[in-house]
Amino acid sequence: MRNPAAGGGRWVDVPPQRLVPWIVTFSQRHGEGTVSRDEAGVTVTFNAADGAAAECHPPFPPLQRAGTQDDGDPAAVTEAIVAHAVADRTVGVLLVRLGGYAVGVFAGSPPQLVSSKTGSRPVHGRSAAGGWSQHRFARRRENQAATALRAAADAAAAIFGPCRLDALVLGGDKRSVAGLRDDPRLASYLGLATGRFLTVPDPRLAVLKETPRSYLAIRIRLTEQEPDGPAPADQVK
């Protein structure tokens, strides 16, 4: 199964502009059902007639209610999710991997990159040698890694400083990002971080520019009923 979800089902990322037809197709395939949302406004679940479920996780929770009379209307709720996802926000993006970083601020709807900075610092790989030289190499590598993370923190403080961010999206690799959490200059920004972490390749400007496609997508945990009876002959191996 592609992108399996813990506890069952699989994850599907749907761009906001594709959500309405996606939900329509889901309902046609599985039968009209009901829609519900959690009290925190973090998830909205479309429950189909055949037991299938599409648990939607909109970006930048909480999701505002569609309206007292519309909360049970799948079409109205879907439109509300789309409107929430594409709302005008100022979003900071901080991508960090060991030795490289990309920092940017996106504003408007659709998001436009209004300021950015990227950079890299050499960090040597681990040494297979033993003895004193291995310890010396390890210390050198630690110093290089600290210098690289400091450069990323400097860039983030410089780019985010003039802005009033509504949210922060983190990405790269989690270990490198964790190395920035003790920098007091970034505390207020990291407090705005969303729960969605973007796993990206080496942070470059081209990668940074593509991040809105990921952070605006509606993440859907799709759970479908297993078909009854034996598998068709063409699926039996």
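**Note on the predicted model**

1. Confidence. In the chain, confidence is lowest in helix α3 (residues 131–160), where the mean pLDDT is 77, and highest in β4, at 98. The pLDDT falls below 50 over residues 229–237, and beyond near neighbours in sequence this stretch has one contact in the model. The chain as a whole averages a pLDDT of 87, and 82% of the residues score at least 70. This is a predicted model, and the points below should be read with that in mind.

2. Overall make-up. The secondary structure of the chain comes to seven helices and 10 strands. Of the 237 residues in the chain, 38% are buried. Among contacts between residues at least 6 apart in sequence, 61% join residues at least 24 apart.

3. Helix α1. This helix covers residues 16–30, 15 residues in total, and reaches 21 Å from its first C-alpha to its last, close to the 21 Å expected. Its buried residues are P16, L19, I23, F26, S27 and H30. An α-helix has 3.6 residues a turn, so residues three or four places apart point the same way. The cover over the buried residues of α1 includes the strands β1 (10–14), β3 (44–47), β4 (53–57) and β10 (218–223), together with helix α2 (74–85). Just after α1, G31 has a positive phi of about 95°.

4. H30. This residue lies in helix α1 and counts as buried, because its relative accessibility is 10%, against a cut-off of under 20%. The side chain of H30 makes a polar contact of 2.8 Å with the side chain of D50. Leaving aside neighbours within four places in sequence, H30 is in contact with A48, A49, D50, A52 and E224.

5. Helix α2. The 12 residues of α2 should span 16 Å at 1.5 Å a residue, and the end C-alpha atoms are 17 Å apart, which agrees. Buried in α2 are A76, V77, T78, A80, I81, V82, H84 and A85. These buried residues are covered by elements that include α1, β2 (34–37), β3, β4, β5 (89–97) and β10. At the start of α2, a side-chain oxygen of D73 comes to within 3.1 Å of the backbone nitrogen of A75.

6. Aromatic pairs. The structure holds four aromatic pairs. In one of them, the ring centres of F60 and Y215 are 5.8 Å apart and the planes stand at 70°, so the pair is edge-to-face. That pair links distant parts of the chain, with F60 in the loop between β4 and α2 and Y215 in helix α7 (residues 211–215), 155 residues apart. F60 and Y215 are both buried. F106 and Y215 form an edge-to-face aromatic pair, at 6.1 Å centre to centre and 70° between the planes. Here too distant parts of the chain are linked: F106 is in strand β6 (residues 100–108) and Y215 in helix α7, 109 residues apart. Both F106 and Y215 are buried. F60, F106 and Y215 form one aromatic cluster.

7. Charges over rings. The charged end of R219 sits over the ring of W11, at 4.8 Å from its centre. K174 lies over the face of F197, 5.6 Å from the ring centre.

8. Backbone geometry around F60. Phi of F60 is near 55°, a positive value in a residue other than glycine. F60 is found in the loop between β4 and α2 and is buried, with a relative accessible area of 11%. P61 and P62 are joined by a cis peptide bond with omega about 10°, and P62 is found in the loop between β4 and α2.

9. Other backbone points. The peptide bond from S109 to P110 is cis, with omega near 0°, and P110 lies in the loop between β6 and β7 (112–120). N3, in the segment before β1, has a phi near 50°, a positive value in a residue other than glycine. N3 is partly exposed, with a relative accessible area of 44%.

10. A206. This residue is found in helix α6 (residues 205–209) and is partly exposed, with a relative accessible area of 45%. The C-alpha atoms of A206 and A102 are separated by 9.7 Å, while the two residues are 104 residues apart along the chain.

Definitions and conventions:
Residues are numbered from 1 along each chain as its sequence is written. This is a predicted model: local features need pLDDT of at least 70, side-chain atom pairs count only at pLDDT 80 or more; totals for chains, interfaces and linings use all residues. Side-chain values use heavy atoms; hydrogens and water are left out. Helices (H or I, at least four residues) and strands (E, at least two) are DSSP runs, numbered from the N terminus. The expected span of a helix is 1.5 Å times one less than its number of residues. Buried means under 20% relative accessible area, exposed over 50%, partly exposed in between (1.4 Å probe, protein chains only). Contact means heavy atoms within 4.5 Å. A polar contact is a pair of N or O atoms within 3.5 Å; within protein, one must be able to donate a hydrogen and the other to accept it, and residues adjacent in sequence count only if both atoms are side-chain atoms. Rings of Phe, Tyr and Trp (its six-membered ring) pair if their centres lie within 6.5 Å; planes under 30 degrees apart count as stacked, over 60 as edge-to-face and the rest as tilted. A charge sits over a ring if NZ of Lys or CZ of Arg is within 6 Å of the ring centre and within 35 degrees of the ring normal. pLDDT is the predictor's confidence in each residue, from 0 to 100.
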